[in-house]
Amino acid sequence: MPVRPHVLLISPRTELSALARMSLLEGGWESFEVEGAGSLHAGLQRLTTAGVDAILLDLVLPDSAGLPTLQRVFLAAPHIPILVLGDDDSRALFRTLLQAGAQDCLVRTRINSDSLARALNGAIGRKIAEDALFLERERAQVTLNSIGDAVLSTDVKGRITYLNAVAERLTGWNLADARGRDLRQVFNVISAVTRAVVTDPILGAIAHDHVIALSADSVLIQRSGAEVPIEDSVAPIHGRGGDVSGAVIVFHDVSESRSIKQRMAYLAQHDFLTDLPNRVLLNERLQHALDLGKRHQRRLAVMFLDLDHLKHINDSLGHSVGDQLLTEVARRLLACVRGSDTVSRQGGDEFVVLLSEIEQPSDVVAVAEKIRTALAGVYDVADHALYLTASIGVSIYPEDGDTAELLTRNADTAMYQAKADGRDTHRFFSVEMNLRATERQSVEEGLRQALARQEFFLQFQPKVDLGSGCITGAEALIRWRHPERGVLLPSQFIPIAEDCGLIVQIGAWVLETACRQARDWMQAASSFTQISINISAHEFVSKGFYERVCQALGDNQLPAGCVELELTETALMRDADGTVRMLGALHALGVRLAVDDFGTGYSSLSYLKRFPITTLKIDQSFVRDVTIDEDDANIVTAMVAIGHSLRQQVVAEGIEQLAQLAFLQSLQCQEGQGFLFSQPLDADRFGSLLAEGGLCAVTGITWPASLATVGRIPA
Ligand code: C2E
Ligand code: MG
Ligand code: MG
C-alpha cells in the first residue's frame, strides 16, 4: 500500500471532499491527500501529471456527464482505479460503467465515510496486487524468453498454454497459433532409433506427478517436417491447492553435441589419416569373428603387414608424401578383400587385415599374394613415381592361437620373418618363428650384460690403396663373444641393439676402443693413417655424440683427419636438416665422413653434394657381379664417376677376385676392402701385419699383377 495514498476527487461538490478525507482516515491511512478538481477539464489536466492513486469521479460535472465522462477519464488514466459517484438515477448505467473500466460505482446519497473507506481500500489494494502481478509476469516472460532452452506449457488436458521464443523457433509454431492445440500437434517427438512416436511425456508427468526426462534419442519433428534431436524433461505444474494443473516441458536442441559425440565415438575407433578402423575397432571385430568362428567351427586369418622402407620415403620426401602414400595403400588394400573383412591401420606403416571367413589356409595365400602385388605397383604421388613393397605375416585360427592377442602377436612374428627373409613376401606363422622370437628376446637380455662382462671385441679389415697395394687404414668391425653361442657377427645383434637403444652405449665403446687401437698402431707404424668406424643412425642422433667423438680424439691425441665415420645413406637421409648440422660440426672438427653401403639405400644426389662427405663406399652387392653383370658394371662405373666428380674418395667393398680388382683399378677407384686382401683380423694379427710392413712389404713385385701369389694375406 502507498504510504500516502493520493486521491483525486473530480467533483464540484465540496462536501464530498470532507467525506473522502474522513474515509481515508477511517481506512487507516494517517497520512493521505485528497485533491479536488471541480470540472472534467480540471481533472483531466491534473491527470497529465503522476502521483494519483485513485480517482473519485462524480458523474455529473459542469462540463460533462454520464458515460462519456468516465470514458474520457479512463482514457487519460487507464491504470488508476476509478470509483464512480452517481445518483439513484444512474444505477441503470452502473453495469455499462463497470464494463467501461470503472472499478466500483457508488450512489452518492448512500455513502458514508465507512463505505467510502472500504471502496477506496479495495480499489487501491486491487490496483497494487495487479501491478505486482503484472511485474511478476513481465519478469517471468523476460526470463523465459532470454534463456537458451525452449519452454512449453500445457493445461491439465495437454493443451498448449504457452511457448517461449526458443520453443516457437524449435517447434516452428508461434504461440498465437499453438495456444489451445493438443500437445501432440505442436510437440511431435519420435525416437531416432525406432522412429516410433514417443508416448505422451506430459501424461506421465501429470499422472505420476513428478519430473520425467525423455529418452536420450528423442527427435522433435518441426512444423515444417524437419527433424531436430532434442533433450528434454517434463515437470507437472501445481495449482494453489497443490493439485496438478498442467505441465511444463523444457527442451533444447542437441544436434551439435549429439553429432560431436558421434564424431568422437567414430574417431576413437578409426585412423585419422586413412579412415580405416584402428587397433581398438580391429580388436573388437577380431573378438567378434573369433566368437563366431568358435561357434560355427570356422577358420579366420590375421595378416600383419608392414610397408618396407616407408620410413626412407618419409625421411627423404617428407611426411606429406608419406601420408598420401599411406592413403593410397589403404585404398588398394580395401580393393583386395571382401566387404566382410576388416582392413585396419595400426599406426605408422603397419596394417592388419582380418579375413573373417576362410575355407583353408591356401585361400589366404591367394589373398596375401593379391595384396603383395597390388601394393607393389607404382605410386604416383606429388610428381614422384614411388615404389613400395610389403612384408606380410599370417596367423590362422585355430592353428596359431585362439585369442585376439595371440593371433595378432603371431602374425606380427611371421611378419618379422618375412622381413628377415628379404621383404616383399609373406610368411605363415610357425612354431619355429616363435622360438626365434624368444631367441631374439634372449639376445636382448644378453646384450644388456655384454658390455659389463667385456664380451665385445673388435676386428679390423685392412683398407688397401688399389694403386700401390699399401694398407691405408682399417675398418673396425664389432664382434660379440657370446658366452653360450660363440662369436656373433654384427648382423646377429646390432639390429637388436638398435631396437632397444643399447646401440648408443655399444657405439661409444667401439668409438673409444677403435681410437685407442689406432693411436697404438700409428705410433708403431707410419704406414697406418686411418681408422674407419661404423656409426648407427640412432647413435649419430643420440645425445652427446659429438662430445664423445671429441673426447675419443682428445684422449688418444689422434688428429681428427685420421678418423673416418661411416654412416649408411639411410642414416644420413633420416633427418636431413639435423644431419646437415651434425655433419657440418664433425667436418669442422676435421673428421672424415663416409657414406657406407652406397647404392643400397635411398639417397638424394643433391644431399650428397650438400653434405661434407669425404668418402663413398660402394656396397659389396654391386662389386660382387661387376665382372659378370653388365648392369652392375655400369652402376659401379657411374658411382666411381660420381665420387670423383664430387671430389670424394671412392672405396669399393667386398673385393674377392682379381678380376673385380682389375675392373676397379681400370676405373681409377682409389681404395678397396675385401677378402681378396684380407678377412677382418683380430687386433694382434692386424698389428703384426703392420709390423711386417703390410701388403706392400711383401714387395719387390709389381702391384697388382703378383698380388694373387704374394700380396694376399692369409686369414
Ligand atoms: P660394413 O660396414 O659394410 O662392413 C663390411 C662388412 O662386409 C663386414 O661384415 C665385413 O666382414 C664384410 N666383408 C668384408 N670384405 C668382404 C668380402 O670380400 N666379401 C664379403 N662377402 N664380405 C666382406 P661384418 O663385420 O659382418 O659387418 C656387417 C655390418 O655390420 C657392417 O657393414 C656394418 O654396417 C655393421 N657393423 C660392423 N661393426 C659395427 C660397429 O662397430 N658399429 C655399428 N654400428 N655397426 C657395425
Ligand atoms: Mg662399414
Ligand atoms: Mg659397407
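## Overall dimensions

The protein has a radius of gyration of 50 Å, whereas a compact globule of 715 residues would have one near 27 Å (taken over C-alpha atoms, the globule rule being 2.2 Å times the number of residues to the power 0.38). Along the principal axes, the C-alpha atoms fill a box of roughly 160 × 65 × 50 Å.

This is a predicted model, in which local features need pLDDT of at least 70 and side-chain atom pairs count only at pLDDT 80 or more, while totals for chains, interfaces and linings use all residues. Residues are numbered from 1 along each chain as its sequence is written, ligands are numbered from 1 in the order in which they are written, and side-chain values use heavy atoms, with hydrogens and water left out.

## Secondary structure and burial

The protein contains 29 helices and 31 strands (DSSP runs numbered from the N terminus: H or I of at least four residues, E of at least two). Of the 715 residues, 46% are buried, meaning under 20% relative accessible area with a 1.4 Å probe, protein chains only.

Aspartate 596 lies in strand E27 (residues 592-598), and glutamate 653, 57 residues apart from aspartate 596, occupies the loop between strand E29 (649-652) and helix H26 (658-666). Aspartate 596 is buried at 7% relative accessibility, as is glutamate 653 at 8%.

Terms used. Buried means under 20% relative accessible area, exposed over 50%, partly exposed in between (1.4 Å probe, protein chains only).
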